[in-house]
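Subject: Structure for you to look at

Hello,

Here is the structure I said I would pass on. Please open it beside this email and read the notes below against it.

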Amino acid sequence: MTTELRLLPKHFKSDQEVRWCPGCGDYAILAAVQGFMPELCVARENIVFVSGIGCSSRFPYYMNTYGMHSIHGRAPAIATGLATSRRDLSVWVVTGDGDALSIGGNHLIHALRRNVNLKILLFNNRIYGLTKGQYSPTSEIGKITKSTPMGSLDAPFNPVSLAIGAEASFVARTIDSDRKHLTEVLRQAAAHPGTALVEIYQNCNIFNDGAFDALKTASHSKPGQRAEEAVIRLEHGKPIRFGGDLSQGVVRDQLTGDLRVVTVTPENEAQVLVHDAHTPSPIAAFALSRLADPDTLHRTPIGVFRSVERAVYDTEMADQLDTAIERYGKGDLAALLAGGDTWTVVG
């Protein structure tokens, strides 16, 4: 008689030496993911982590599951092939802001619009770390780096806005150092049928240290301001309020339709928006993704912006193949290759 092994976080730790810079936010994310994995109740041989290129992309080495350290920007494409051909697997993509949004931009948006059953963890440190500190697609305008000594001229991507615009069915944002929040977002992403994109603000203490301090400690731009005054925690079904005493709220401007922050009073309390992550329309989620100041990060929403049900690509594809087999029978690959539509090249 054999007893089924009860998986614990330690079972998801590989025997590889973790080789990130001391103090890197990737360590916190790795610990959170390893701690969460047992909740999936999925055997390790049925879990796969696929990564591209970058500091974050070393992730598969440190997970005691199957994994692939693939090529720059192509992780969503490779993971799509895997998820559609092996629907019994839990497939996760680990990528960075450079890997996902620069060379991998098209692969990311097409995975999102198809709604393949993937969970994409996008580590955003607003810099290129592996190649030693060049500006990335999420770096702020004016960012001085080795590749932009006079300041970046590029307008940065907002990954959450991009995902919502690509019709992603699940979009969330969290922070590397907030273990409880990160784990809860992972939990919701894992339960979602289809593509789930989770942007994780991740500190690079070597090349972009303190990029997200405003969301963790006292703000440099506003002395005395604490994180609770800068972070808006989105919870489905609850009013969107924040601040140490929840004195601030998000309302919709009746003239422009834009969202804005007000001090909550008895007169305007009824106008405070109640967060609905499940509404079919992406309008409110997109507006929330644009609320934060891109430079100071003041009033940054975190949590699940959007979680809606949509047809899952790999399920639809499997159904389509089953229908084709019922109508026409199983195909013959050898006959296809040797069929009439071939040519013989004589040298």
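Leu297 is buried, at 5% relative accessibility (buried means under 20% relative accessible area, exposed over 50% and partly exposed in between, with a 1.4 Å probe and protein chains only). Its place is in the loop between α8 (283–289) and β11 (300–307). Phi of Leu297 is near 65 degrees, a positive value in a residue other than glycine. Leu246 also has a positive phi, near 55 degrees, and lies in the loop between β8 (241–242) and β9 (248–252). Leu246 counts as partly exposed, at 45% relative accessibility.

Some points on how to read these values. This is a predicted model, in which local features need pLDDT of at least 70 and side-chain atom pairs count only at pLDDT 80 or more, while totals for chains, interfaces and linings use all residues. Residues are numbered from 1 along each chain as its sequence is written, and side-chain values use heavy atoms, with hydrogens and water left out.

The whole chain

The protein chain has ten helices and eleven strands (DSSP runs numbered from the N terminus: H or I of at least four residues for helices, E of at least two for strands). Its radius of gyration is 22 Å, close to the 20 Å that the globule rule gives for 347 residues, so the chain is as compact as a globular protein of that length. That radius is taken over C-alpha atoms, and the rule is 2.2 Å times the number of residues to the power 0.38. Along the principal axes, the C-alpha atoms fill a box of roughly 75 × 60 × 45 Å.

Of the 347 residues, 47% count as buried. Contact here means heavy atoms within 4.5 Å. Among contacts between residues at least 6 apart in sequence, 66% join residues at least 24 apart.

Helix α1 and Tyr62

In helix α1 (residues 26–36), the buried residues are Asp26, Ile29, Leu30, Ala32, Val33, Gln34 and Phe36. What covers them includes β1 (47–51), α2 (59–62), β3 (90–96), β4 (119–124), α7 (179–191) and β6 (196–201).

Tyr62 lies in helix α2 and is buried, with a relative accessible area of 2%. Not counting residues up to four places away in sequence, Tyr62 touches Leu30 and Gln34, and its other contacts include Phe12, Arg19 and Trp20.

Gln188

Gln188 is in helix α7 and is partly exposed, with a relative accessible area of 35%. Leaving out residues up to four places away in sequence, Gln188 touches Phe170 and Val304. Val160 is 28 residues from Gln188 along the chain, and their C-alpha atoms are separated by 16 Å.

Cysteines

How many disulfides does a search of the whole structure find? The search finds zero, taking a disulfide as a pair of cysteine sulfur atoms within 2.5 Å. For Cys21, the closest cysteine sulfur is in Cys55, 6.5 Å away, which is too far for a bond. Cys21 counts as partly exposed, at 39% relative accessibility, and Cys41 is exposed, with a relative accessible area of 70%.

Regards
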